[in-house]
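Please open the model in your viewer and keep the selection panel at hand.

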Amino acid sequence: MKAEKKALKRESIIKAALQLFSVNGFHKTTIPDIAAKLQMSAGNVYNYFSSKDILAQEIIKYTSKALGEEIHKVNMMDVSAKEKIEKIVEIYFMMAQDKPEMIEYFLRVYLSNREVFHQGCEGMVCVSGFITEIMIFFDDSVSSGELRNQDFFSAFGLFMGYLGGMVFLNGEEVLPKPINEYIDDISFNIYNALKA
């Protein structure tokens, strides 16, 4: 019971920090800010995370795992690569709409403050939950003959470029329609760019 309570408190710190980092950025958010949001002492936050950098790394693992779990469900579906692409685009866009802090964190903190993620998060280590499921999707789709065989990073860059670009435009309130109304067009474009 004590371990479960500690795990819940740890997750509440991650969620609070995720929101603050996403809105205010990494450098403008302090451990006392996070503690105040949770109505606890900064010292208590340090009992769970020894530094702000360690907390930032745990947040990217947390968001990557959450997104990876959703894509895993898609990977388990017995549908075509084209349908899986549509499902993945839908998940990403819905997450951007329903949990924008997760996508904002990736864009505003993880990609913009790489110095924070050098020790312990080298390469793709901290985003492996998400990356692994995308790799499985590509491997399965190439094996079935639906997508052409190509360098993973080329395919991944194309896929994420579309998704990240649309989420960025949505966040900047540039899109004339709600982001979910672009699912079909973006899925179609990604599929056509990757198909065998």
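Begin with helix α9: its buried residues pack against α5, α7 and α8. Contact here means heavy atoms within 4.5 Å, and buried means under 20% relative accessible area, with a 1.4 Å probe and protein chains only. Helices are DSSP runs (H or I, at least four residues), numbered from the N terminus.

The model is predicted: local features need pLDDT of at least 70 and side-chain atom pairs count only at pLDDT 80 or more, whereas totals for chains, interfaces and linings use all residues. Residues are numbered from 1 along each chain as its sequence is written, and side-chain values use heavy atoms, with hydrogens and water left out.

**Stop 1: helix α9**

Select I183, I186, S187, I190, Y191 and L194, the buried residues of α9. Seen down the helix axis, the buried residues of α9 fall within an arc of 130°, so they line one face of the helix. The arc is taken from the directions from the helix axis to the C-beta atoms. In general, an α-helix has 3.6 residues a turn, so residues three or four places apart point the same way.

Next, select the end C-alpha atoms of α9 (residues 183–194), which are 16 Å apart.

**Stop 2: the largest cavity**

How many cavities of 30 Å³ or more does the structure hold? There are two. A cavity is a set of points on a 1 Å grid over the protein atoms alone where a 1.4 Å probe fits but cannot get out; lining residues have an atom within 4 Å of a point. Grid points are joined across faces, edges and corners, and a volume is the space filled by probe spheres set on the points.

Select I60, T63, S64, L67, Y92, M95, M102, I103, F106, V127, F130 and M160 to display the lining of the largest cavity, which holds about 130 Å³ of space. Helices α4 (52–75), α5 (81–98) and α6 (100–110) each give two or more residues to this lining, and α4 gives the most, with four. By class, the lining has 10 nonpolar, two polar and no charged residues. Nonpolar covers Ala, Val, Leu, Ile, Met, Phe, Trp, Tyr, Cys and Pro; charged covers Asp, Glu, Lys and Arg; the others, Gly among them, are polar.

**Stop 3: the second largest cavity**

Now select L67, I71, I88, I91, Y92, F130, I134, M160 and L163, which line the second largest cavity. Its space is about 40 Å³. The largest share of this lining, three residues, comes from α5, and the lining divides into nine nonpolar, no polar and no charged residues.

**Stop 4: the largest pocket**

A pocket is an open set of points with protein on both sides within 12 Å along at least five of seven lines. For the largest pocket, select Y62, K65, A66, E69, E70, I91, M94, M95, D98, K99 and M102. The volume of the largest pocket is about 260 Å³. Helix α4 gives the most to its lining, with five residues. Six lining residues are nonpolar, none polar and five charged.

**Stop 5: the second largest pocket**

Finally, select Y92, F106, L107, Y110, L111, M124, V127, F130, I131, F156, M160 and G164, the lining of the second largest pocket. About 190 Å³ of space lies there. This lining has 11 nonpolar, one polar and no charged residues.

Methods:
The expected span of a helix is 1.5 Å times one less than its number of residues. Buried means under 20% relative accessible area, exposed over 50%, partly exposed in between (1.4 Å probe, protein chains only).
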